[in-house]
Amino acid sequence: MNDGKGDATVSEPLSTRAMFAGNHLRWMVDRPNRFFRTHVVEPERYDPSNHGRIFNDVLTQLISPAPVLIDGLGTAPPQSIEPEPFDLVTFPEAFVPAEVLLDVLGNLNRAGPIGCIHVGLRPSDDPQQHLFTHQQALDLITKIGQISDEVAADIAPLVKWISSQRGNFHFNLGCLFTVDADGNVRVCVHPKVVRSKFECSPLPERHLEEADFLTLVSLLPVDKNILTVTLQPLICSDVLSLSRDRGGPAPIAAVNSEAACFGDSPPDHIDVVSAVTCTPQAEVVREGHAYRAWHQEFQRSFVNAASDGGYFRHHFAVFVLSNFRMLPKTSPGGLSGVFVPTAPPTSTRFHDAVIVSLYGRPNQDCRGNNRWSTPEDGSSPDWSSRGFVAALDPYAGPREAVVRIFACNIQPLPRHDTPWSRTRTGGLARCEVSVGMDSGDRLAFVPWSNDRAD
């Protein structure tokens, strides 16, 4: 419009506006191995009043484990435990209150270089509200940015994006953070892009505003003989191919079709999709035995990422997913674990507390359609499989456990392997399960024994 007092203001045509804003972070890390060590954390139930304690105790166990007595009588001094390096720890969605996160980030530089920690955020431990108001979101990322110049630079694109949003919007946030090779805390905060059916509400404070903001984090090892790894942190329904209010694709497809939002040099490969989730799972009872399976929309996303031509950056991506074992109102959850887009060797036997579902078809059904295996197919089905999910068995283990942790080496990451390898492990190695038991002031973590004989 020209009012005769100056130059006309020309609006950018809607058709040429970028569909997404993007933030591609590059962190220098001290990765000592070619395999990728991941921990999936599954709390027993959704209980926000207890989330902060679980978060602190799990991180303490992984970063600075308590000394152990050399003998049971306590006559010898405690023996310190050297923490084992990890690359990624994933917690559920809407998990840690903002103040607990700020406290952890403020003290994290004392730990020295560590792997990445991915967790869903909530404004407080109020069980009725997991969404952030516009002001709460802005306050949180402003406080995070005050940690250091490096962190301020990490979150600057999100600060700009949040500042441009309407003041009556509500957001779901996640956070991926680490201490890099130089001992600097690094932080990525990312908003949820795809609303779940539980976040559509007549009440404004419970209605999620979908973000048009994409996030990637590339880990650049100091040792140049170790390959880079690019992570895509997502929140639950972000994994799914669902329609969005603002139009455009969901995050996995968008990273491929809208890569220009990451600048001139977006990464060519996504190696790990880390998803914080809070999602009910299908529960089936057959012949008196119950089992759960990942929701079909998640299963479809796993298959699409590995096979659909439009997901070319994700063809070798591993999915790491954390969930609550039980959700509010006693809804079944669980199945926290890993999807790997390669076939496990037929000789592979997993931990007793880990269940495996294959994607493929029985060898005797060479003309049948691919599908996901179920317990009816047996524990070691004779299948031609293209990929598999290994997850915590929701029905195994002590019910008094407060939290369960599934740890494994993704060895090697699919993009880092050759199909001619003679030492293929099926993608996962050294699978271990531990449980956190209530022992007063702090959870006590013990290995979950693997008693089944070969």
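**Salt bridges and a buried arginine**

The structure holds 20 salt bridges, a salt bridge being a side-chain nitrogen of Lys or Arg within 4 Å of a carboxyl oxygen of Asp or Glu. The model is predicted, with local features requiring pLDDT of at least 70 and side-chain atom pairs counted only at pLDDT 80 or more, while totals for chains, interfaces and linings use all residues. Residues are numbered from 1 along each chain as its sequence is written, and side-chain values use heavy atoms, leaving out hydrogens and water.

One of the salt bridges joins Glu 44 and Arg 325, whose closest N and O atoms are 2.8 Å apart. Glu 44 lies in the loop between strand E2 (36-43) and helix H1 (48-63) and Arg 325 in the loop between strand E15 (318-322) and strand E16 (326-327), so the pair ties together parts that are 281 residues apart in sequence. Helices (H or I, at least four residues) and strands (E, at least two) are DSSP runs, numbered from the N terminus. Both Glu 44 and Arg 325 are buried; buried means under 20% relative accessible area, exposed over 50%, and partly exposed in between (1.4 Å probe, protein chains only).

A salt bridge also forms between Asp 271 and Arg 415, with 2.7 Å between the closest N and O atoms. Asp 271 is buried, at a relative accessible area of 2%, whereas Arg 415 is partly exposed, at 24%.

Arg 37, Glu 84, Arg 430 and Glu 432 are linked in a network of salt bridges.

Arg 186 is located in strand E9 (residues 185-191) and is buried, because its relative accessibility is 13%.
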